[in-house]
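Work through the exercises below with the model open. Each task is followed by a stepwise solution.

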Amino acid sequence: MNRQMTAIIKKDINSIVANRRMFLTLLVVPLVLTIVVPSVFLVTMRFAPIEAGEFQKLLELIPLSARPDNLTEAVAALMLNQVLPVFFLIIPIMASSVMAASSFVGEKEKRTLETLLYCPLSLKQIFYAKVLAAFTLSMWISLLSFAVMLVVLETEGWLLLGSLLIPDVKWLLIMLLVSPAISLVAVTLIVRFSAKAQSMEDAQQCAVFLLLPILLLLVGQFTGVLLINGWVLLGLGLVCALLAWILLRQSLRKFQYEELF
């Protein structure tokens, strides 16, 4: 990656940060999902009685060796290690869609596309820089949300429940493999669609279809139909990584000037 590509990446990231509406959209939704929702859940468990039957179906899916003796702690661990990981499949798609959707269509709306194409880079390098910019920002949002979530939940767990919440090892797979792979798939598809779209709203419609399978998985977590485990995450991460690699290669190979005009 040369200096010109780095300059495009920095320009795209700075343009999003400078746009308060877009930047707040990037921050508010992840923070609501990872802080407000679990915090309300913990406060409710602390001050409202919990009946074992309400969560029995979910608790039975957790291995006995990983199930805390205390019901409240067991439900809190269930939330941390089974429900919240799915949010980190949603966050990178939402974060990347905001920036990726504006990659090329934003240049058209600001009438800077011609200037961009005159820079000393090939079209493939420009496309690659746009993908890297959106991917980098989505990963920073995901990592920041994860760090803040852990600090807040551990503090609330200690104050409200009298114990720390122990993250499962599957979080490593989520943050290091699955989340980046899904983000790269989303970014590549949305950037490619952005080149053909006439507005940012058109480009962002692609993200809706990408979110549908994740939302179904989230429903499965809440209903107890399916709880994700390490093997499911590993398989999902490898499939998404392979898909991201194929999509990026195909997009770089087929991307032409005609699509931009």
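**Exercises on an aromatic cluster**

F88 is buried, and F146 is buried too. The model is predicted.

**Exercise 1.** Classify the ring pair F88 and F146.

Solution.
- The structure contains three aromatic pairs.
- For F88 and F146, the ring centres are 5.9 Å apart and the planes stand at 85°.
- Planes over 60 degrees apart count as edge-to-face, so F88 and F146 form an edge-to-face pair.
- F88 sits in helix α4 (residues 71-100) and F146 in helix α7 (residues 123-161), so this pair ties together parts 58 residues apart in sequence.

**Exercise 2.** Classify the ring pair F88 and W171, and state which parts of the chain the pair links.

Solution.
- The centres of the F88 and W171 rings lie 5.3 Å apart, with planes at 85°, so this pair is edge-to-face.
- F88 belongs to helix α4 and W171 to helix α8 (residues 170-196).
- The two residues are 83 apart, and their pair links distant parts of the chain.

**Exercise 3.** Are F88 and W171 buried or exposed?

Solution.
- Buried means under 20% relative accessible area.
- F88 has 0%, so F88 is buried.
- W171 has 4%, so W171 is buried.
- Together, F88, F146 and W171 make up one aromatic cluster.

**Exercise 4.** Compare the span of α7 with the expected value.

Solution.
- α7 has 39 residues.
- From first C-alpha to last, α7 reaches 55 Å.
- That is close to the 57 Å expected at 1.5 Å a residue.
- After α7 comes G162, with a positive phi near 80°.

Methods. Residues are numbered from 1 along each chain as its sequence is written. This is a predicted model: local features need pLDDT of at least 70, side-chain atom pairs count only at pLDDT 80 or more; totals for chains, interfaces and linings use all residues. Side-chain values use heavy atoms; hydrogens and water are left out. Rings of Phe, Tyr and Trp (its six-membered ring) pair if their centres lie within 6.5 Å; planes under 30 degrees apart count as stacked, over 60 as edge-to-face and the rest as tilted. Helices (H or I, at least four residues) and strands (E, at least two) are DSSP runs, numbered from the N terminus. Buried means under 20% relative accessible area, exposed over 50%, partly exposed in between (1.4 Å probe, protein chains only). The expected span of a helix is 1.5 Å times one less than its number of residues.
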